[in-house]
Amino acid sequence: MPGIGKGRIMDRLRREGLTQFQQNVLVKVMEIPKGETRSYKQVAVMAGYPNAYRAVGTAMKKNPMAPVIPCHRVIKSSGEPGEYSGRGGRTEKVRMLKKERAL
DNA sequence: TTCCTGACGCTCG
DNA sequence: GCGAGCGCCAGGA
């Protein structure tokens with residue numbers, strides 16, 4: 001269940017018109033192991049922009065491939081799920097999170 | 001080019 | 001322990 005190659009993803013992101021920063025962030029999020037969660041700050045650090053934790057959220061919104069890029073695994077540092085522009089909103093986000101954690 | 005907004009984080013009271 | 005305010009970077013209008 002390789003799904004899609006990473007290079008394929010980056011190419012798609014680029015074609016979507018996302019910037020280098022956006023691509024970097026999304027790729028890092030994509031590498032978050034199933035059942036694990038990372039804070040926006042963590043993602044920002046991994047992407048190479050330790051202080052751009054705010055822009056990370058903006059990048060998430062632009063996520064063109066919901067299932068491929070597990071943006072629902074990115075939560076706030078406080079432990080709260082935060083917002084979610086995907087289908088179902090925060091509710092679905094939490095649901096998916098619980099399901100993955102159980103696996 | 002400039003100003004405003006945003007799926008946030010951290011510090012102070 | 002909780003709430004409010006300020007600071008941060010990148011994008012979009």
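**View 1. Helices H3 and H4 in contact.** In H3, the residues Tyr-40, Lys-41, Val-43 and Ala-44 meet Tyr-53, Val-56 and Gly-57 of H4. The model shown here and in the views below is predicted. Sorted by class, this H3–H4 contact holds five nonpolar residues, one polar and one charged. The two helices pack at an angle of about 90°. Their axes lie 8 Å apart. That angle makes H3 roughly perpendicular to H4.

**View 2. Helix H2 against helix H3.** H2 spans residues 20-30, and H3 spans residues 40-47. Their axes are 9 Å apart, and the packing angle is about 115°. Angles of 65 to 115 degrees count as roughly perpendicular. H2 and H3 are therefore roughly perpendicular to each other. The crossing of H2 past H3 is right-handed. On the H2 side, Asn-24, Val-25, Lys-28 and Val-29 make the contact. On the H3 side, the partners are Val-43, Met-46 and Ala-47. By class, the H2–H3 contact has five nonpolar residues, one polar and one charged.

**View 3. Helix H2 against helix H4.** The axes of H2 and H4 come within 9 Å. They cross at roughly 80°. H2 and H4 are therefore roughly perpendicular to each other. H2 brings Phe-21, Gln-22, Val-25, Leu-26 and Val-29 to this contact. H4 answers with Ala-55, Val-56, Thr-58, Ala-59 and Met-60. Eight of the residues in the H2–H4 contact are nonpolar and two are polar. None is charged.

**View 4. Residues that take part in two helix contacts.** Val-25 and Val-29 of H2 meet H4, and both also touch H3.

**View 5. The largest pocket.** This pocket holds about 340 Å³ of space. Its lining is made of 15 residues. Closest to the pocket centre are Gly-57, Met-60, Lys-61, Glu-83 and Ser-85. Helix H4, residues 53-61, gives the largest share of the lining, with six residues. By class, the lining residues divide into six nonpolar, five polar and four charged.

Technical notes. Residues are numbered from 1 along each chain as its sequence is written. Chains are lettered from A and ligands numbered from 1 in the order in which they are written. This is a predicted model: local features need pLDDT of at least 70, side-chain atom pairs count only at pLDDT 80 or more; totals for chains, interfaces and linings use all residues. Side-chain values use heavy atoms; hydrogens and water are left out. On a 1 Å grid over the protein atoms alone, a cavity is a set of points where a 1.4 Å probe fits but cannot get out, and a pocket is an open set with protein on both sides within 12 Å along at least five of seven lines; lining residues have an atom within 4 Å of a point. Grid points are joined across faces, edges and corners, and a volume is the space filled by probe spheres set on the points. Helices (H or I, at least four residues) and strands (E, at least two) are DSSP runs, numbered from the N terminus. Ala, Val, Leu, Ile, Met, Phe, Trp, Tyr, Cys and Pro count as nonpolar, Asp, Glu, Lys and Arg as charged, and the others, Gly among them, as polar. Axes are lines fitted to C-alpha atoms, for helices over the stretch in contact, and angles run from 0 to 180 degrees between N-to-C directions. Angles under 35 degrees count as roughly parallel, over 145 as roughly antiparallel, 65 to 115 as roughly perpendicular and the rest as oblique. Contact means heavy atoms within 4.5 Å. A crossing is left-handed if the near helix is turned anticlockwise from the far one by less than a right angle, and right-handed if clockwise.
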